[in-house]
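Here's a quick walk through one chain, written for someone who likes to know the cut-offs behind each term. Have the viewer open and follow along.

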Amino acid sequence: MKHVLGAVCGASVLLAVPAMAETTLTIATVNNGDMIRMQGLTGEFTKANPDISVKWVTLEENVLRQRVTTDIATKGGQFDVLTIGTYEVPIWAKKGWLVPLANLGADYDVADLLPKIRDAVSVDGKLYAAPFYGESSMVMYRTDLFDKAGLKMPEKPTWDFVVDAAKKLTDKNGGVYGICLRGKAGWGENMAFLTAMSNSYGARWFDEKWEPQFNTPEWKTTLTTYVNLMKEAGPPGASSNGFNENLALFNAGKCAMWIDATVAASFVTNPKDSKVADKVGFALAPNTGLGKNANWLWAWNLAIPAGSKKTEAAEKFIAWATSKDYTKLVASKEGWSNVPPGTRTSLYTNPEYLKAAPFAKMTLASIDAADPNKPTVKPVPYVGVQYAAIPEFQGIGTQVGQQFSAALAGSMTVDAALAAAQSATEREMKRAGYIK
């Protein structure tokens, strides 16, 4: 309450004037570089919206998923804005857990969102989350090490080429590993990579009747290739490495190749972050000649949980953080190459961005190559490239991820891991009523 002096019949009296109520938004997000950058720029938003303050809860990816899922399922109400992926958006929207974003402002330009990303966060034509950055995955490699070894990276490499090159480029005594790949257990960590890899080998999670497929030759080839490759050419302790750990290894000059999210490109080419910034090339994720590359489709998005009492302020924040103006703000502070990628068509026709970001065209080509409706060689009953968009997948994917991480760590054979994955997935799919 503010107090001001007022005059009544010549006498001064103290009048009580209600101050503008401040709305505090609690935002749950992931500890990735682009999100941390957004937190650093929040002052720009609060300066323009003095009646709104922002409190950040920044969590490691697996922990974020657990906390946010529990909160929304139990209507806990801890968060006003959620950072969620393309997996959660359609499932949660259909359950009535998310608020449709209908008031992002006249200049927001929803039509500018990349069609594949926009479709992934919409249900029945309504936007239920706004994409902060979008990604596929691709090969990032050390041009200097390839030149030294007399190797040339094709634009569309095969797995045979990648495996052979990784072995030739490994110099364990010199602390350089031929390849760095995700091994940390989690449906969005090692299983994002391995599911995308398995698609390129013609594997699938389920056949058309929802029967799990881990007992097929395609999965055995995928997991055997991965485990053997990482044993011969990967870094030690790889079963603990996710996106951020491998990013740190690549930036320190420890990896000749890294197959991971296209969003990493701006970090590996930034001299502030990377020791090898001027020695990085890009190629499409590998294939086996079956017509599918080992690349995924993903976006981290901002959404509002249903039942939020702060919808108006939350939507204002989301509109700010995912707008064209936010992109320009990041460009003015950090340079065009560091703006959040993979969400807007206009970015990929912006000459300043294309000049500053040598990876821009490969990122867009990778996003365009991913098909959530036909993720693998054979038909499937689910939508999603590196996940199956059913509510049960989160639990099943994490269980399978633990078995496959154990196979990588050497505490379980490939055959035992696949058998455990098959029985765990069958059990859950029976319990959920998909199969008898």
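W210 sits in the loop between helix 8 (190-200) and helix 9 (217-233); helices here are DSSP runs of H or I with at least four residues, strands are E runs of at least two, and both are numbered from the N terminus. W210 isn't a glycine, yet its phi is positive, about 70°. With a relative accessible area of 17%, W210 is buried, where buried means under 20%, exposed means over 50% and partly exposed is what falls in between (1.4 Å probe, protein chains only).

You'll find D124 in the loop between strand 6 (122-123) and strand 7 (126-127). Is D124 buried or exposed? D124 counts as exposed, at 77% relative accessibility.

## Ground rules

Keep in mind that this is a predicted model, so local features need pLDDT of at least 70 and side-chain atom pairs count only at pLDDT 80 or more, while totals for chains, interfaces and linings use all residues. Residues are numbered from 1 along each chain as its sequence is written, and side-chain values use heavy atoms, with hydrogens and water left out.

## The chain overall

DSSP gives the chain 17 helices and 12 strands. The radius of gyration is 24 Å, close to the 22 Å from the globule rule for 436 residues, so the chain is as compact as a globular protein of that length. That radius is taken over C-alpha atoms, and the rule is 2.2 Å times the number of residues to the power 0.38. Along its principal axes, the C-alpha trace spans about 95 × 55 × 40 Å.

Of the 436 residues, 58% count as buried. Taking contact as heavy atoms within 4.5 Å, residues 24 or more positions apart make up 72% of the contacts with a separation of 6 or more. As for charge, the mean positions of the 45 positive and 42 negative charges are 1 Å apart. Lys and Arg count as positive, Asp and Glu as negative, and His and the chain ends are not counted; each charge is placed at NZ of Lys, CZ of Arg, CG of Asp or CD of Glu.

Across the divide, 28 residues of domain 1 are in contact with 35 residues of domain 2.

## Inside the fold

Helix 12 (residues 311-321) has eight of its 11 residues buried, so the rest of the structure largely encloses it. Among the buried ones are E315, F317, I318 and W320. L101, in the loop between helix 4 (88-94) and helix 5 (115-120), touches E315 and I318, as well as residues including L127, Y128, L302 and I304. L101 is itself buried, at 8% relative accessible area.

P286 belongs to the loop between strand 11 (280-284) and strand 12 (298-303). How buried is P286? Its relative accessible area is 0%. The residues P286 touches include V139, P157, W159, S200, I259 and K292. P286 and F161 are 125 residues apart in sequence, but their C-alpha atoms are 8.7 Å apart in space.

Notes
Lists of a residue's contacts leave out its neighbours within four places in sequence.
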